[in-house]
Amino acid sequence: MEGPPPLIAVVGGTGAEGSALALRFGNAGHPVVIGTRDPAKGARVAAELNAVLGREAVRCAENSEAAKAAEIVILTVPYQAQAATLAELAPVLRDKILIDATVPLVPPKVSNIQLPPGGSAVAAAQRTLGDAVRVVSAFQNVAAHKLRELASDADCDVLVCADDAAARRTALELIAGIGLRGIDAGPICNSAAAEALTSILIFLNRKYKVQGSGLRITGLSDSAAER
């Protein structure tokens, strides 16, 4: 990507996945704003991340304020909060890229695949927001604690789905910039597979007593994945 690193808003950035992504992007040189409904918690998490980074890279703001300020918005809220959060953010997302990491986990059986009507939580976000927002699906299958290991590639590929090919490329460039390998997985309807795989990974973690199992796409060189 040409020019200075774009400002990233991570809505849901006080949670495990959101704060880990904020840390990773901040470490890569991006200015980051955490979107939150709890200013005190947001300030505390931002301070913790800045302490790890050794500089002031992360700040916090109310959700819509964070999304309005950013060039790229990443959504990391629980599935149960996705629709309400999108309704709140819709007025400020026009002409932006929204990277949605939502996984339709339905407690208590989070290791069972329970895709929503229509087959995909992120595809539903695109239908809700319309063509004025370019929605990208990514980060469903990467464990938060692995994202926090800044010197590691998280030992996991990131599947990227979107109907807008340019938005997919932008997301892939951002993912490469934080030390991970993104894989172009096609249109947003294919997000259903990435979302479903999260429940399988949770099952594998429990079954084999491991933490943070992930995906690696074999037979694909790094140079091929970059195309």
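Colleague: On what basis are the residues numbered and the values counted?
Modeller: Residues are numbered from 1 along each chain as its sequence is written, and side-chain values use heavy atoms, with hydrogens and water left out. Since the model is predicted, local features need pLDDT of at least 70, while totals for chains, interfaces and linings use all residues, and side-chain atom pairs count only at pLDDT 80 or more.

Colleague: How many helices and strands are there in the chain?
Modeller: Both kinds of element are DSSP runs numbered from the N terminus: helices are H or I runs of at least four residues, and strands are E runs of at least two. By that definition, the chain has nine helices and eight strands.

Colleague: What radius of gyration does the chain have, and why does it agree with a compact globule?
Modeller: The radius is taken over C-alpha atoms, and the globule rule is 2.2 Å times the number of residues to the power 0.38. Along the principal axes, the C-alpha atoms fill a box of roughly 40 × 40 × 35 Å. For 227 residues the rule gives a radius near 17 Å, and this agrees with the chain's value of 16 Å.

Colleague: What percentage of the 227 residues is buried?
Modeller: A residue is buried under 20% relative accessible area, exposed over 50% and partly exposed in between, with a 1.4 Å probe and protein chains only. Buried residues in the chain make up 52%.

Colleague: Among contacts between residues at least 6 apart in sequence, what percentage joins residues at least 24 apart?
Modeller: A contact means heavy atoms within 4.5 Å. Among the contacts in question, the share that joins residues at least 24 apart is 74%.

Colleague: How many disulfides does a search of the whole structure find?
Modeller: A disulfide is a covalent bond between the sulfur atoms of two cysteines; here it is a pair of cysteine sulfur atoms within 2.5 Å. The sulfur of Cys161 is 7.9 Å from the closest cysteine sulfur, in Cys189, and is therefore too far for a bond. Cys161 is also buried, at a relative accessible area of 1%. For the whole structure, the number of disulfides found is zero.

Colleague: Is Ser111 buried or exposed?
Modeller: Ser111 lies in the loop between β5 (97-100) and α5 (121-129). Apart from neighbours within four places in sequence, Ser111 is in contact with Ser199, Ile202, Phe203 and Arg206. Because its relative accessibility is 19%, Ser111 counts as buried.

Colleague: Which residue does a cis peptide bond join to Pro107?
Modeller: The residue is found in the loop between β5 and α5. Omega of the cis bond is about 5°, and the partner of Pro107 is Pro108.

Colleague: Is Asp95 buried or exposed?
Modeller: Asp95 lies in the loop between α4 (79-93) and β5. Its phi is near 70°, a positive value in a residue other than glycine. With a relative accessibility of 60%, Asp95 counts as exposed.

Colleague: What is phi of Asp155?
Modeller: Asp155 is placed in the loop between α6 (144-147) and β7 (157-160). At 47% relative accessibility, Asp155 counts as partly exposed. Asp155 is a residue other than glycine with a positive phi, near 50°.

Colleague: How far apart in space are Ser213 and Leu23, C-alpha to C-alpha?
Modeller: Ser213 is in the loop between α8 (191-208) and α9 (222-225). Neighbours within four places in sequence aside, Ser213 is in contact with Asn141, Leu201, Leu204 and Asn205. Ser213 and Leu23 are 190 residues apart in sequence, and in space their C-alpha atoms are apart by 21 Å.
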